[in-house]
Amino acid sequence: MSDAGRVLRQALALGALSLVLAAAVHLPLIKSFARGEFRESFFRAADYPGVRLITLEETEDLWASGAAVVLDARAAGLFGEGRVPGARNVPSAGREEALPEEVLALPKDGTLVVYCEGGDCQSSLALARRLHDEGFRDIRVFGGGWADWTKAGLPSEKDDGPE
Amino acid sequence: MVRNKTVLLVFRLVLGGLFVYAGAVKVGDPLDFAQDIRNYRLVGQSLSFIAAIVLPWLEILAGSFLIAGLWRQGAALVITGLLVFFIVLTLVTMARGLDVDCGCFGSLSRKSGWSVIIEDLAMLYLGLCLLFATGGRSDLAKRVLSAKSQRAE
């Protein structure tokens, strides 16, 4: 069984080497993390200058004034059951699938608001990154998402019509 | 298990190459990979961040060592361990009904699903062949079996 022990030690040594390399190469990033960055999301403002998180109130203002196009990143089924009135569904933020043509055709300097379920959901952030990569430069991520919108008693609509 | 040395060499190059590639495409953008890990909704921000900066290096090192023929079985153990973890993770993700990118190959990733599991199983087979049938001094299976037979005597 000493051979098994040797193999295990090799594997552990590879793990330790990986830790050392990761710490050496990503030291600036680790320092940023230690300072408290990336605790809410893994966005780095410098990488995504056009993306920012917004509150429920800001979202409501943008929606009510019609100043932004609202995009719902949830699955199509959930979108059909209830959504922010006028929102468009962009359910897949998968990298292998292109964004819908009607979304890509929107003005690149226009304001977009993206949301998902709320709470722990991540698809609105993923969608925001993809939109940024497509050239959109004013993307607001509503972190509270559908959960906060409905909790606040704001209007909604579903496939059959307004609720 | 495969014992032909030439076939095992091909397995080492293929599996090692795939892991070096998988690590290399992720190491340049750890935040993007951290987001992929976070999307699985299994661990929080901190663990996602730590995994995202360490895991690509583990893949690169294990793959490189496998190709170079250094610590072959240790590297094979790391790779098979990772593959078992990836398979379980994908199954759990599918069972929870989450629609996420697998995060396997950076920006070339696709949705977690059966195709990812089949690929991982194929790689797991190569990894197990290398772990248990590398031959010569490092033939783990032979050593374990002989230790068992000695105990039986």
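**Figure 1. A search over all chains finds 9 salt bridges in the whole structure.** A salt bridge here is a side-chain nitrogen of Lys or Arg within 4 Å of a carboxyl oxygen of Asp or Glu. The model is predicted: local features need pLDDT of at least 70, side-chain atom pairs count only at pLDDT 80 or more, totals for chains, interfaces and linings use all residues, and side-chain values use heavy atoms, leaving out hydrogens and water. Residues are numbered from 1 along each chain as its sequence is written, while chains are lettered from A and ligands numbered from 1 in the order in which they are written. One network of salt bridges links Arg83(A), Glu157(A) and Asp159(A).

**Figure 2. Asp3(A) and Arg6(A) form a salt bridge.** Their closest N and O atoms are 2.5 Å apart. Both residues belong to helix α1 (residues 2-25) of chain A. They are 3 residues apart, which means a separation of about one helical turn. An α-helix has 3.6 residues a turn, so residues three or four places apart point the same way. Side chains of opposite charge can pair when their charged atoms come close. Asp3(A) counts as buried because its relative accessible area is 4%. Arg6(A), at 26%, is partly exposed. Buried means under 20% relative accessible area, exposed means over 50%, and partly exposed lies in between (1.4 Å probe, protein chains only).

Figure 3. Glu58(A) is partly exposed, with 29% relative accessibility. Arg52(A) is also partly exposed, at 40%. Arg74(A) is buried at 3%.

**Figure 4. An open sheet of 5 strands lies in chain A.** The strand order is β1-β5-β4-β2-β3, and the pairing is parallel. The edge strands are β1(A) and β3(A) (88-89), each pairing on one side only. Two strands pair if DSSP finds at least two bridges between them. Parallel strands β4(A) and β5(A) are joined by 4 bridges. Across from Val113(A) stands Arg140(A) of β5(A). Helix α3 (residues 56-65) of chain A packs on the sheet and touches β1, β2, β4 and β5 of chain A. The direction of this helix makes about 105 degrees with that of β1(A). Axes are lines fitted to C-alpha atoms, for helices over the stretch in contact, and angles run from 0 to 180 degrees between N-to-C directions.

**Figure 5. Val114(A) sits in strand β4 (residues 111-115) of chain A.** This residue counts as buried because its relative accessibility is 0%. Which residues does Val114(A) touch, leaving aside those up to four places away in sequence? Among them are Leu71(A), Ser124(A), Leu127(A), Ala128(A), Leu131(A), Ile139(A) and Phe142(A). Contact means heavy atoms within 4.5 Å. Leu131(A) is 17 residues from Val114(A) along the chain, and their C-alpha atoms are separated by 9.9 Å.

**Figure 6. Helix α6 (residues 123-133) of chain A is mostly covered.** Of its 11 residues, 9 are buried. They include Ser124(A), Leu127(A), Arg129(A), Arg130(A) and His132(A). The cover for these buried residues includes β1 (51-54), β2 (68-72), α5 (101-104), β4 and β5 (139-142) of chain A. Chain B contributes α2 (30-39). After α6(A) comes Gly135(A), with a positive phi near 110 degrees.

**Figure 7. Chain B has 6 helices and 0 strands.** Its elements run α-α-α-α-α-α from the N terminus. Of its 153 residues, 53% count as buried. Among contacts in chain B with a separation of 6 or more, 64% join residues 24 or more positions apart. The accessible surface is about 7100 Å², with 68% belonging to carbon and sulfur atoms. Accessible areas come from the Shrake-Rupley method with a 1.4 Å probe, and for residues only the protein chains shown count as cover.

**Figure 8. Leu42(B), Val84(B), Val88(B) and Val92(B) form a nonpolar surface patch.** Together they have about 310 Å² of accessible area. Patch residues have over 30% relative accessible area and no salt bridge; like charges are joined within 9 Å, nonpolar side chains (Val, Leu, Ile, Met, Phe, Trp, Tyr) within 5 Å. Val84(B) is placed in helix α4 (residues 72-95) of chain B. Val84(B) counts as partly exposed because its relative accessibility is 41%.

Note on methods. Helices (H or I, at least four residues) and strands (E, at least two) are DSSP runs, numbered from the N terminus.
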